[in-house]
Amino acid sequence: MMLVLLISFVAFSCVLVISDQGRNQTDTDNNVLMNEHFISLGLYLHAVTETKLVVDTSRGETLRINFDVTFPALPCSILSLDAMDISGEQHLDVKHDIIKKRLDAHGNVIESRQDGIGAPKIEKPLQRHGGRLEHNETYCGSCYGGETSDEACCNSCEDVREAYRKKGWGMSNPDLIDQCKREGFLQKIKDEEGEGCNINGFLEVNKVAGNFHFAPGKSFYQSGVHVHDLLAFQKDSFNISHKINRLTFGDYFPGVVNPLDGVLWTHQTPSGMYQYFIKVVPTVYTDVSGHTIQSNQFSVTEHFMSAEQAHFQALPGVFFFYDLSPIKVTFTEEHISFLHFLTNVCAIIGGVFTVSGILDSFIYHGHRAIKKKMEIGKFS
């Protein structure tokens with residue numbers, strides 16, 4: 001590198017010497033030559049990025065979705081996350097790799113915990129056979145009709161809700177369920193009234209088109225339709241105002257722009273469905289050292305559907321529908337070769353001197369012609 005710099009500056013110095021010895025070479029010419037020379041030198045010393053478009057032939061890969069979303073008016077106890085794709089794979093009420101933070105009305109964190117509902121238990125649990133749990137007796141709670149076998153036990157409110165979900169049922173009154181009553185399910189919801197929730201983490205999904213959404217209630221399928229159990233919360237409407245602090249499909253790489261980072265949407269109507277339609281473009285970034293980052297870029301369009309527009313069939317929540325582009329973008333950082341740099345320098349020097357010579361010749365011959373006419377008295 002030092003040799004390149006030495007050769008470059010020696011060549012530049014020689015040019016300046018020749019320039020100073022010219023008949024009428026101006027300071028402007030020298031400045032132009034100096035600027036062009038340093039621009040070429042800067043391009044040589046710094047890497048340039050080459051962009052290519054290729055067909056994405058990858059198969060069987062997974063897509064990592066990183067998210068950090070804040071709901072200022074939706075409590076953590078009623079917020080759930082689901083993901084599904086066109087291959088038929090479903091992740092309902094996702095809890096792994098997810099952290100929820102309870103927020104007060106001012107956005108301050110009250111509590112940070114892994115997802116799941118837990119509360120102090122009161123009284124002795126009610127056994128499946130109907131009596132209360134006795135000393136040294138193993139607890140086995142009733143699933144209230146959601147049992148998959150005679151030996152099935154539901155020892156928590158969450159177990160009962162999960163059993164109901166698998167059956168495609170909704171829970172209309174949690175106070176009628178012993179586990180939910182003992183754990184204070186409804187009381188917990190009342191205690192969190194007016195709070196918000198920040199949910200962050202990641203999803204690992206198949207690299208095919210699909211969607212994930214944040215919505216109140218536990219999801220289940222009923223007659224082939226994806227629905228959420230909202231009766232348990234005893235509310236008529238849900239405020240789905242939200243701020244997307246971060247949303248990425250894959251790892252960060254230099255120059256990436258995630259269009260949804262920092263997006264804020266404020267809820268105005270009683271209930272509705274907010275939808276983001278995302279086009280994901282697979283991207284490969286390779287730096288000058290050869291290190292490769294497999295990631296994605298994306299573009300997005302937005303749409304809001306109120307409950308009135310959907311005739312009360314829209315599930316309140318925030319939905320992200322994503323599709324993958326068949327074209328992959330590759331970014332490759334590389335240095336300009338020394339020969340290319342040397343050719344550019346020679347071209348700049350030659351071009352400056354050619355233009356300077358033309359101007360010099362024009363001025364010189366023009367001056368001589370005017371001087372000659374003045375001498376014979378024909379110039380007026």
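Which residue does a disulfide join to Cys-143? The partner is Cys-154, with an S to S distance of 1.9 Å; a disulfide here is a pair of cysteine sulfur atoms within 2.5 Å. The model is predicted, so local features need pLDDT of at least 70 and side-chain atom pairs count only at pLDDT 80 or more, whereas totals for chains, interfaces and linings use all residues. Residues are numbered from 1 along each chain as its sequence is written, and side-chain values use heavy atoms, with hydrogens and water left out.

**Overall make-up**

- The chain contains 6 helices and 16 strands; helices (H or I, at least four residues) and strands (E, at least two) are DSSP runs, numbered from the N terminus.
- Of the 380 residues in the chain, 42% are buried; buried means under 20% relative accessible area, exposed over 50%, and partly exposed in between (1.4 Å probe, protein chains only).
- Among contacts (heavy atoms within 4.5 Å) between residues at least 6 apart in sequence, 72% join residues at least 24 apart.

**Disulfides**

- The structure holds 4 disulfides, and with the bonded cysteines numbered in sequence order the pairing reads 1-8, 2-4, 3-5, 6-7.
- Cys-76 is joined to Cys-197 by a disulfide with an S to S distance of 2.1 Å. Cys-76 lies in the loop between strand 2 (62–71) and strand 3 (79–85) and Cys-197 lies in strand 7 (residues 196–206), so this pair ties together parts that are 121 residues apart in sequence.
- The link of Cys-76 and Cys-197 is right-handed, with 100° about the S-S bond, and both cysteines are buried.
- In the disulfide of Cys-140 and Cys-153 the sulfur atoms are 1.8 Å apart. Cys-140 and Cys-153 both lie in the loop between strand 6 (109–114) and helix 3 (157–167), so the pair ties together parts that are 13 residues apart in sequence.
- The torsion about the S-S bond of Cys-140 and Cys-153 is about -90°, so this disulfide is left-handed.
- Cys-140 counts as buried because its relative accessibility is 15%, whereas Cys-153, at 35%, counts as partly exposed.
- The link of Cys-143 and Cys-154 is right-handed, with 95° about the S-S bond, and Cys-143 and Cys-154 are both buried.

**Positive phi values**

- Tyr-144 is found in the loop between strand 6 and helix 3. Its phi is near 55°, a positive value in a residue other than glycine, and Tyr-144 is partly exposed at a relative accessible area of 28%.
- Asp-93, in the loop between strand 4 (90–91) and strand 5 (98–103), is not a glycine either, yet has a positive phi of about 50°. Its relative accessible area is 11%, so Asp-93 is buried.

**Surroundings of Pro-316**

- Pro-316 is placed in the loop between strand 14 (292–306) and strand 15 (317–324), and at 7% relative accessibility Pro-316 counts as buried.
- The C-alpha atoms of Pro-316 and Met-273 are separated by 4.8 Å, although these residues are 43 residues apart along the chain.
- Leaving aside neighbours within four places in sequence, Pro-316 is in contact with residues including Ala-215, Pro-216, Leu-230 and Phe-238.
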